[in-house]
Amino acid sequence: MNIVFSVFIDIPEAKLDNPGYYIDNILVDTDKSLETKNALLNNADALKRRHKEYADAIGAEYMLFEYSKEYEKFCTLFNSTMSQYDIVNFYKHLLMYELSYKYDNVCYFDFDVVPNTTESIFDTFDMNKFAVAHSNELAQWGKNVPAAEYNTCIRNPSSKYWNAYAMLLEEDHEPDNDVFNTGIMAASSKVIQEFDYFKDFDRIIELMTKLKHDEDSDFPPNIQRIFNYDNETVFSYLVQTQQTEIEWLPKDWHWIVDVPDKKMIDHRAKLYHVIDKQFELVL
């Protein structure tokens, strides 16, 4: 049996973070987190319906995980400096691991993913590998810009590249890495359990903390300041250190919606990832 699942934790406004960006080395506040919260709330019913319709079409079960005692318990594992946004994104990996003991294959959608197909992700891709998309092209700017001009936010793909680079370098691994987008993931139970996202989690968080606050860092301040507790950074670190086999999702199975122009949206795409939260373009 297969399952498609998603997570929708409505983070209280008081606990929203500010990913921001920098001008003249000053962090600029943005309303991005609040805008995201409101857009997800306003479209929650439609998003849940589309997810379930897709799961039904491919003969899979569907589950949506919301705020619960289990999530509250998970939050207690993290210190107060970690944002709720980051905790939620770590939570999806725990749920994927737990579900792998109940289902043959597991597919995860971020709640802002909109299915536009009845083709099965489980049949289209090799579930003996980890099916996931990458953001390597989006990371190119930050990999090439002079460090003094690096002014983007902690969630930019290039920030995740440098964070994983520092982690890998610190432990004498090849530091060059792929930048992943874990908004869509699918794999067999065997692959998920072997990957075992949390098996060395405490040590990895300690490593991230050390690099984030190292006063003698080898990285320029503009780079070090974007080191963060990011689920995709950990994912990249694990893929590199464990030599995990990846089944790359092509563009039409991870179509990023990040423009206001409908002409930029391919209506033949299979899965839309609406990162700009303009759901009216695809719902």
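In the predicted model, helix H6 (residues 136-144) contains three buried residues, Asn 136, Ala 139 and Gly 142, where buried denotes a relative accessible area under 20%, exposed one over 50%, and partly exposed the range in between, computed with a 1.4 Å probe on protein chains only. Helices (H or I, at least four residues) and strands (E, at least two) are DSSP runs numbered from the N terminus. Viewed down the axis of H6, the buried residues fall within an arc of 105 degrees, so they line one face of the helix; the arc is that of the directions from the helix axis to the C-beta atoms. Glu 137, Leu 138 and Asn 144 are exposed on the other side of H6. The buried residues of H6 pack against strand E7 (130-134) and helix H7 (157-170), contact being defined as heavy atoms within 4.5 Å.

Residues are numbered from 1 along each chain as its sequence is written. Because the model is predicted, local features need pLDDT of at least 70 and side-chain atom pairs count only at pLDDT 80 or more, whereas totals for chains, interfaces and linings use all residues, and side-chain values use heavy atoms, with hydrogens and water left out.

Strand E7 pairs in the parallel sense with strand E9 (residues 246-248) over three bridges, and Phe 130 has Ile 246 as its bridge partner in E9; two strands are taken to pair if DSSP finds at least two bridges between them. E7 is also joined by four bridges to E8, and these two strands run antiparallel. Within this pairing, Val 132 has Met 185 as its bridge partner in E8, while His 134 stands opposite Phe 180. In helix H7, which holds Ser 159, this residue counts as buried because its relative accessibility is 1%. Ser 159 is in contact with Tyr 150, Thr 152, Cys 153, Ile 154 and Ile 226, leaving aside neighbours within four places in sequence.

Strand E8 is mostly covered, with nine of its nine residues buried. Asn 181 is located in E8, which spans residues 180-188, and counts as buried because its relative accessibility is 10%. Although Asn 181 and His 134 are 47 residues apart in sequence, their C-alpha atoms are 5.3 Å apart in space. When residues up to four places away in sequence are not counted, Asn 181 touches Val 132, Ala 133, His 134, Ser 135, Glu 232, His 254 and His 273. A polar atom of the side chain of Asn 181 also lies 2.9 Å from the backbone nitrogen of Gly 183.

One of the residues touched by Asn 181, His 273, is the bridge partner of Val 113 in strand E11. Three strands form an open sheet of mixed pairing in the order E6-E11-E10, in which strand E6 (113-115) and strand E10 (255-256) are the edge strands, each pairing on one side only. E6 and E11 (residues 271-273) pair in the antiparallel sense over three bridges.

A search of the whole structure finds one cavity of 30 Å³ or more, and the largest cavity has a volume of about 60 Å³. A cavity is a set of points, on a 1 Å grid over the protein atoms alone, where a 1.4 Å probe fits but cannot get out, and lining residues have an atom within 4 Å of a point; grid points are joined across faces, edges and corners, and the volume is the space filled by probe spheres set on the points. The lining comprises His 93, Met 96, Tyr 97, Phe 130, Met 185, Ile 192, Phe 195, Asp 196 and Tyr 197. Helix H4 (84-99) and helix H8 (189-195) are the elements that give two or more residues to this lining, and H4 gives the most, with three.

Two loop residues other than glycine have positive phi values. Asp 172, in the loop between H7 and E8, has phi near 65 degrees and is exposed, with a relative accessible area of 74%. Gln 243, in the loop between helix H11 (231-242) and E9, has a phi of about 55 degrees and is likewise exposed, with a relative accessible area of 63%.

Notes:
Polar contact = N/O pair within 3.5 Å; in protein donor to acceptor, adjacent residues only side chain to side chain. 1 Å grid on protein atoms, 1.4 Å probe; cavity = no way out; pocket = protein on both sides within 12 Å on 5 of 7 lines; lining within 4 Å.
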